[in-house]
Structure formats: C-alpha cells, structure tokens
Amino acid sequence: MSVKYIAKSSAIASRLLGGEMMVMSSADSTFFTLNPVATVVWQAADGVTPLSDIVADHVCAEFEVDAETAHRDVERFVEELSQHGILLVSETPIAGSATSPTEAA
Amino acid sequence: MSLIQEMSQRALNLGVPMSVHFDITYRCNERCVHCYLDHDDHGEMTTAEIKHILDELAEAGTFFLTFSGGEVLMRRDFFELLEYARSLMFAVRIKTNAVMIGEAEARRMLELGVDQIQVSIYSHRHEVHDAITKLPGSLRRSVEAIRFLTRQGLRVTIANVLMTANMYDHAGVQALARELGVQYTLDPTITPKMDGDTSILNLRIPGSELSGVFHNESLVGNVEEFCAAPPTPDDDVMEGYPCSAGHTLAYISPYGDVFPCVQFPLPSGNVRRQKFLDIWNHSSELNDVRSIRAKDLPVCSSCSHVGTCTRCPGLAYMEGNMRGPSTADCEKSFHRTGIRSANMLRLDGNQPRPIPSGPLIHIQPLTA
C-alpha cells in the first residue's frame, strides 16, 4: 500500500466548535461538520505526516477502535473530503499546506 | 434544520460569538445620503491592533467574519488584513461599494478565498444611484467591479437599500442583478445616525410603498405565506430571544468599541483596553441583552406579531428602550399583514379621539 499524505486546502474556512470541526469550502460555500474522530484527522493533516501515522498516533491512540476499522473509516473520510476539494491527498509530502485553525470552545 | 442552523444553535448553547461584523474603517469614498456614520478618522485601529483582535476572535471561536465600513478598501492595509484573517481560517465576507475594485483586487480576493462580497447598489439609473452616493460615476464603477468579481467566480450579492429617492427602482436593480448573475437582497431599513441624529429617518419609504414591497412576489416569494396573519405564539416563542445580537453575533468598530450588533449601539467594552473574550463573557451590557426573552417585553409580549415580527432590539434601543417596541418593525408587521401591532393600538389609544357626529345624548322614552 502506498504512503499517503493529507493537507487542508487553502480555500476553506474552519473552526472547532464544541469538539467538532466546522469546515466550509470557499469555492461553493458547502458546509461540513466533522465528528470527533474526523476532527482529529483534520487537525493532524499537515501535509508531511503520513496518513497511516495519523491513524495510529491520533485515532487509535485517542479512540477505542481497532486499527483495521480505523484505517478503513479514515480512508473513506479522506476520499470524501478530497472529492469536495477541501482535503488534498498526495503520495508525496505536500509543501505549504494551510495552517491549523485556532482551537476554541 | 440545516447544518449551519445546527451549528448556530450549538454556538448559542456554548456562548460562542460565531459571527463578528468588523468595521475596519469609517472612512469612505462615497457620501451616501442615508449613511449613519461619521466618516472622519477619530483614531482607527492600526494594522497590528486589528491583527491582534483577529487572533482573539479566532481564539473565541468566531467562524463568520464580515469586513465592512466605511469602505474597507480605503485602508491601504486591507489585503494584508484579509490575508491574515484567512490564515486564521475565518469564513470572510466583505461589504463594499466596490468602486475601488479592479481586476487585480478581484483576483486577489479569489486567491485569498473570500466567501462572499456584498455590493451596495441603489438604482439601475446612474442619475439616481450617483445622487445617493454623491460620487459621480459610482454606479458605472461598482457595476464594472461586480463584473470583475464574477469573472473570477466569486459570489456577489447586490444589497439594495430602499429609501424615498429610489423606492421605485427595485425592479430595475433586480433586473441588473440578474443580468450580472449575482444575488439580490433588498432592505427598506434606514437607521438613525450613530450619534442619535434621527433626521435621516425622513428618507424611509412611506408605509403605502412598504406594503407594495411586501406584496411583491418577485421580492418576497410566496406572498400569501409571507403576509399571512401571525400564528398564536406558543411557549417556545415567549421564551425565545429577539435575534442573534449579543448571543452569537458581535460588532466591533474601527476604534475597538464592541457592541451587540452594527445596528445596536450599546457600548459593551473596548478591545483596546480588554480582551475580546472578557468583554464577550463578562460585559454587563451584553449579559443584559442576553437576558431578554419575548415574554419580558412590556409591549411586544402582548402583541399578536410577537412570534413573527422582525423587531430589532437595536432600533428599539435607539428609540429609548431595548425592551420596547421598534416602531419601524411595527410598521413592517402592519404593512405585511394588515394587522396593527400592540404598540400601534396602544398609541392609537393615547391619541385624542374624534368627536362623533350627531347629538351628544340620545334620549328615547321607555316604551310602556
């Protein structure tokens, strides 16, 4: 399986609200909310950490889930957000990805 | 309930200022006849001060950030501020007259991921629009700017404030919006000046015209639904709060003053002296605003319109009591439904009654 890197698009707005991330695409104003697991993945999407490490170090470490299920669910989530253009996916590290939003509430 | 409404409800429950309207300058290149602002610079915040406030707003959880003025592009650092705001992941909306937006500015707004741009257009007729803005050529320049913005794929809304000088032009402006491929929104609200001067209220369109606006399908959609008599208010309505001002919305002036809303000039603190979150969480003025429920409104709680009225607590405040009626909204409710508001009926009762015609006493003999 190839290594994947994920980074937030610069054409989005996002903010943490009550433990869940709100994300809005500035391309078409589509609005998303991410559950706590997806929020953890989103926050770790720095363009340089392999997705498999994000799942192991954040998802499996912070939630009661087996590695296989976590990988499968995260892959699906990443695929969905990348289709909307708000998450960038690459087989090489992504330079100059968006900074993490300030956390609040 | 839409996702955004769900998030707004959550922000309300958590006490998060989800939306902030930030006037970064009151300076303007237009001199609109209905404007409520003083355009002189009395010491607006510096670039560094504004960036610091933006950091604080991000920390407070603000998601929607509206940059407005005055004219935002009168600030030479506007794009620096916009870039900084976007680096903090705000969903940025801009209110502008667009006169200073050329192709380069439009491209930069797209690059920076601006969510929406609202442009004020008063009339499709140059002589009317330019007479309101007092800037010759302003309609031509604003329309040209809208074309630059839409060509970049940016979302633009034309905001059409209606007043006596342009009250017959909304159909023309709507047609212009259609031709430009942008959204259209109409607002018949003229507010007193921030210093309390009410002279510009003379520009408000008369009630008869307001009624025409509210019964115009192209402006309100389903007229029957929009103008329906209000339903009997239930407990949810009476326990409800008037609007988002001070609950999930705050306004910041170019001088750092914090208010519940741009249309609610109740001074609640100043971000040059206090952290925004301290003001938001502890201001006695904001807490007072938050304590108001429909059932507490001395006149409006007994009004049949209480559940559907657009009552603005800021306009009521400018009339002297934030818990009182906003007469402009009473007028709107009346002209929308034909049903007089409790405040109108109360005022009717205070007026001298006309003397009835005929004899003062009718005397009839009792029949046997």
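Axes here are lines fitted to C-alpha atoms, and angles run from 0 to 180 degrees between N-to-C directions. All views come from a predicted model.

**View 1. Helix H6 of chain B lies across strands S4 and S5.** Take a look at helix H6 (residues 138–151) of chain B, which lies over strand S4 (116–120) and strand S5 (156–161). Relative to S5(B), the helix runs at about 155 degrees.

**View 2. Nine strands of chain B form an open sheet.** Pairing in this sheet is mixed, and the strand order is S6-S5-S4-S3-S2-S1-S7-S8-S9. Strand S6 (183–187) and strand S9 (269–270) of chain B are at the edges with a single partner strand each, so one side of each has no neighbour in the sheet. Further in, strand S2 (residues 64–68) and strand S3 (residues 91–96) of chain B run parallel, joined by 4 bridges. Here you can find B:Phe67 opposite B:Ile94 of S3(B).

**View 3. Helix H2 of chain B crosses helix H3 of chain B.** The axes of H2 (residues 47–60) and H3 (residues 78–87) of chain B come within 10 Å and cross at roughly 20 degrees. Angles under 35 degrees count as roughly parallel, so H2(B) is roughly parallel to H3(B). Their crossing is right-handed. H2(B) brings B:Thr47, B:Ile50, B:Lys51, B:Leu54 and B:Asp55 to the contact, while H3(B) brings B:Glu80, B:Leu81, B:Tyr84 and B:Ala85.

View 4. In H8 (residues 207–214) of chain B, the buried residues are B:Gly207, B:Leu210, B:Val213 and B:Phe214.

Conventions
Residues numbered from 1 in each chain as written. Chains lettered and ligands numbered in written order. Predicted model: local features only at pLDDT ≥ 70, side-chain atom pairs only at ≥ 80, totals over all residues. Heavy atoms only, no water. Pairing = 2+ DSSP bridges. Helix = DSSP H or I, 4+ residues; strand = E, 2+ residues; numbered from the N terminus. Contact = heavy atoms within 4.5 Å. Buried < 20%, exposed > 50% of the residue type's maximum accessible area, 1.4 Å probe, protein only. Parallel < 35°, antiparallel > 145°, perpendicular 65-115°, else oblique. Left-handed = near helix turned anticlockwise from the far one by under 90°.
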